[in-house]
Every structure is written in C-alpha cells, then in structure tokens.
Amino acid sequence: MKFQASELPVGKPEPRRKASRLAPLIALVIVITIPLYYPALRDSWKQLYKTALPPYVDSITPMEPPPTENPCSPDCHHDKATAVDNHLAPIRKNNDKDKRKRRQQKGVQWKSSSDDQSRYRGEIRRRVSDEDQCDLFSGEWVPNANGPYYTNDTCNAIQEHQNCLKFGRPDRGFLKWRWKPDDCELPLFEPRQFLQLVRGKSLAFVGDSVARNHMQSLICLLSKVANPVDMSEPLDQNQRYEYREEDFNISMFWSPYLVKTEKTDPNDERRPFKLYLDEPDLHWASQIALFDYVVISAGHWFFRPTYFHLRGRLAGCLYCPEPNVTHLTAYFSYRHAFHTAFRAINEAGFRGVAFLRTYAPSHFEGAAWDKGGDCVRRRPYRRSEVELEDYGFQLYLIQLEELRVAQEEGRSGGTFKLFDATVAMLLRPDGHPSRYGHWPVENQTFANDCVHWCLPGPIDAWNDFLHQLLKREIDRLFIA
Ligand SMILES: *[C@@H]1O[C@H](CO)[C@@H](O)[C@H](O)[C@H]1NC(C)=O
Ligand SMILES: *[C@@H]1O[C@H](CO)[C@@H](O)[C@H](O)[C@H]1NC(C)=O
Ligand SMILES: *[C@@H]1O[C@H](CO)[C@@H](O)[C@H](O)[C@H]1NC(C)=O
Ligand SMILES: *[C@@H]1O[C@H](CO)[C@@H](O)[C@H](O)[C@H]1NC(C)=O
C-alpha cells in the first residue's frame, strides 16, 4: 500500500456521500485541508507558528489546538515513509484468503477503499477482535429517551471547554441516543456494577485531551454513586483520582505522542516538537506495569509540525522548513509511536489488559478549523450517510496493524484488546462543543471545537464499551 501524495487533503474538502440532499455543503475532514489557492506552500510553515490558538487552549489548562493546517509542499517525499512503514507492518501485504467468513458488508463506507483495501481492513479487523464475542463496535446510534445520566449540575468533573450545557448549547437531542451493536445489545453503563467489577484495580488513560475527555465522562457516570478524591496537582495535565471506599484508582498520563517528546522552544508550544520515535515516553511507560487496565490512544497531534528522531538521530520531519531533512508523513510517526508504545508496555512487564482506543474523527465542515469550519449538525449520521475520510482510514489501519503486532509479541505477558471508537464517533457530528465551550466575547472570533466531545454527550458511550470490555476480561479469568 502506498501513501500517495494525492491522498493528502490538498484541495477543498470533497464531499462524497450518499445522501445527496446534504451533499453540496458537507465535507467530513479529519485534518485540515488546504484550499486550492493556498499560496507559497514553502513559506507556510512560518505562518503556522503565528496562528492564534483556539479558545480552548488557555494557559491555565494548556490543551492542544486541533490539527494545524497541512502545509506539506508538493514535493514531500512520501515513498520513504512507505518503505519504513511496510517494514513495521508484517501482515499488511497478506491477501485475504478467508472468503468463508465474509459477511454482507454492514459497516460504514470507507471512502478511500478500493475493494482490496476494504477486504484488507475487514481481515485485520477480524484478526484483532475476539471472534468468539459479539462485535460491540459495529452498529448504529438508536434513540434513547432516557439520556443523559448526569448533567453539568450533578457532575463537577466536566472540563469547562466541554461543558456545553453551561455555555448555552440550546438543543438536547444529542443526549438522546445510545449505541446499538448489530448482533447484540450494549448495556448502558451501570455505576454500581462497574465499581464492583474494578474493586482492587487501577486504570490508566494514556493519551491527549480526548483521552482526558473519556476519563471525565467516566468520573461523571460514576458520580451518581461515588466521587473520587482528586489527587492531581492544579496545573498538571496528569491526573489521579482515588475511589478509596471502592478501592479503585484512575490515572491520566498526558502523552499526546506516546513517545519521548521534546520542545524545540521551551516557551512556545506551537513550535515543532522533536519526537524520539523509537523511545517511549518514560513518564507513563515506567509506571504502567503497576496498572491493571490501560486505555491508550493518540490522534490529532500527529498532524502538527514535528521532527522525527530514530536511534537518537534526526531521521526526517513533518512540515519542517529545512530542505536537507527528509520530509515524511504523519503516518510515519503515528505508526512508530504505536509500535514503540506497545513494545514498551510489553517490555515493562505489564500483566494487565491494554485497550487500544482507536482514532476518533473530528467533524469540521464548510472550512478548516481556523477558517470558520464548524460542526452544527443536530443528529447522528446513519451509516449510509457518511464515509471515513482517507486520513482516518489510514490512521485506523495503522492502529489495527500495530495492535496485531503487539498481540503477537505480547503472548506471554499483557493482553492487548481492540476498543474501536472510530466507527461510532464518525457517526456523531452532533456531539462536539462547537462554539459552546466558552462564553462568547464581543468582537472576538474563536475557532469552533469539533474535536472534543460535549459532556454529557456521545463520548459517554465509550464507558458503556469500557464496562463491557472489562466485564469480558474478568469473565474470561473465571472461565480460564
Ligand atoms: C448548567 O447549565 C445550565 C444551563 O443548562 C445553567 O443554567 C447552569 O448554571 C449550569 N450549572 C453549572 C454548575 O454550570
Ligand atoms: C490506590 O492508590 C492508593 C494510594 O496510592 C493505594 O494505597 C492503593 O493501594 C491503590 N489501590 C489500587 C487498587 O491500586
Ligand atoms: C542541513 O544543512 C544545514 C546547513 O547547511 C546543516 O547545518 C545541517 O546539519 C544539515 N542537516 C542535515 C540533517 O543534514
Ligand atoms: C466592538 O466593536 C464595535 C464596533 O466596531 C465597537 O463599537 C465596540 O466598542 C467594540 N467592543 C469592544 C468590547 O471592543
């Protein structure tokens, strides 16, 4: 599989959808696209560092901006990335011989997919899943009049920027859906049962602000029956919560790239980061063996300008100005980061269960995030209405492939499981804060947030998933 330059979103977001009535206005973009007229690509990196941060990036709780524009010049060398990528992906080339198992394709459409690609996706998806269990992740959103299960008034763990009710989001329909797998039911999160299940256990989230978004949803869903002691330092991105009576701990390890990362300018987060792609971020990796469960994820940060180091030496970059540095893709760093992170979990002597929470697409429509792009839909898509954009398809495949590698290598130690959020979240353009993550300020325009998820909101379903996934693991121990 080649990563062609043409797969990069250079050009206006191109809507391709079945629901033709909606077609003209819509584009589902996972990273930001470059208008065709985008001038002087070679100089555009300079502009990047001057870009104003969106409103939900503040100095008190520094969060990442959504993906920056892609200033990759037409001569970016993607083939080099492909060569190394294939080296790390031993099974990607395998053909799908297993036609017996082919079912009617019920999942969402995969925009980039030729038949080969979608067959390949199905095959690897099958290989990383528990085949003896119902596939929780392929399904649709169905109405649920009973939601939500907490509000901004009952849960105080909601981060301001995701507190959509507080900031005046007028509609409530986005709270009235639940996830229905095709072949079974996904029970709603049940806080008491959950706390029984995890008594004596510890859970770590490793990732970026979307991982934290997930954790805060969990704390809110639990808040009906228990509230934790917050052991976090006020300004620390890393957090720790202790449910003392229930003997359950949650930690959040802030690690948006999963690997060792250095700033090139210690005072400016917008300057490119240096990634040491074959060295894990020891901040989490050195402690991970202490945990029973890990939910690991990474996403939008990989589209920012970055320098890539391998074996301690500069091996390439994404969107850097130097002509003599090899220009590689975000796929390159994404694959290496997961490879290194999973290897670190294995090598740390981790004996628990690590869940890969797959990429959650963003939903900027109409324009790029910093050009007024927004997410104003008020209901979920049906599967037939939307396709995963190329970028998302590639990131998702990379995650599945590296999960497969980790499962093979981890046979004697930790267990690696799929936590597939991609399809469900692709269908929720209505679940983002948009402009309801802050109060409006006169004469000031803010970028809309179509990356994170309102709380309460569709991300609460991730804890319906988590509850079932943990239950399966614990049941398995008793059966084994
Ligand atoms: C919660 O949101 C409502 C509006 O839906 C608002 O009136 C109220 O002040 C908010 N409460 C808190 C604690 O933010
Ligand atoms: C939770 O954290 C506390 C304080 O570090 C520790 O004493 C306790 O053993 C932990 N419990 C679990 C289940 O990890
Ligand atoms: C690129 O060129 C600059 C200036 O000529 C030099 O200092 C630097 O070491 C070169 N970098 C690489 C990776 O070759
Ligand atoms: C906003 O803009 C208007 C018109 O330009 C101006 O009269 C007003 O003073 C501005 N308000 C603030 C708070 O800057």
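The views below show a predicted model.

**View 1. The open sheet of seven strands.** Pairing in this sheet is mixed, and the strand order is β5-β6-β7-β4-β10-β13-β15. Strands β5 (229-230) and β15 (415-419) form the edges, each pairing on one side only.

**View 2. Pairing of β13 with β15.** Strand β13, residues 353-357, runs parallel to β15, and five bridges link the two. Arg357 lies opposite Phe419 of β15.

**View 3. Helices α8 and α10 against the sheet.** Helix α8 (residues 390-409) lies across β13 and β15, at about 160° to β15. Helix α10 (residues 461-479) packs on the sheet, where it touches β10 (293-296), β13 and β15. The direction of α10 makes about 150° with that of β15.

**View 4. Length and burial of α8.** At 1.5 Å a residue, the 20 residues of α8 should span 28 Å, which agrees with the 29 Å between its end C-alpha atoms. Of these 20 residues, 17 are buried, so the helix is largely enclosed by the rest of the structure.

**View 5. The nonpolar cores.** The largest nonpolar core has 112 residues, of which Val206, Ile288, Val294, Ala337, Ala341 and Ile345 touch the most other members. Leaving aside residues up to four places away in sequence, Ala337 touches Tyr257, Leu258, Val259, Leu277 and Ala298. A second, separate core consists of seven residues, among them Ala368, Cys375, Cys450 and Val451.

Terms used
Residues are numbered from 1 along each chain as its sequence is written. Chains are lettered from A and ligands numbered from 1 in the order in which they are written. This is a predicted model: local features need pLDDT of at least 70, side-chain atom pairs count only at pLDDT 80 or more; totals for chains, interfaces and linings use all residues. Two strands pair if DSSP finds at least two bridges between them. Helices (H or I, at least four residues) and strands (E, at least two) are DSSP runs, numbered from the N terminus. Two residues are in contact if their C-beta atoms, placed from the backbone, lie within 7 Å. Axes are lines fitted to C-alpha atoms, for helices over the stretch in contact, and angles run from 0 to 180 degrees between N-to-C directions. The expected span of a helix is 1.5 Å times one less than its number of residues. A residue is buried if 20 or more other C-beta atoms lie within 10 Å of its own, exposed if 12 or fewer, and partly exposed in between; C-beta atoms are placed from the backbone. A nonpolar core is a set of buried Ala, Val, Leu, Ile, Met, Phe, Trp, Tyr and Cys residues joined through C-beta atoms within 7 Å.
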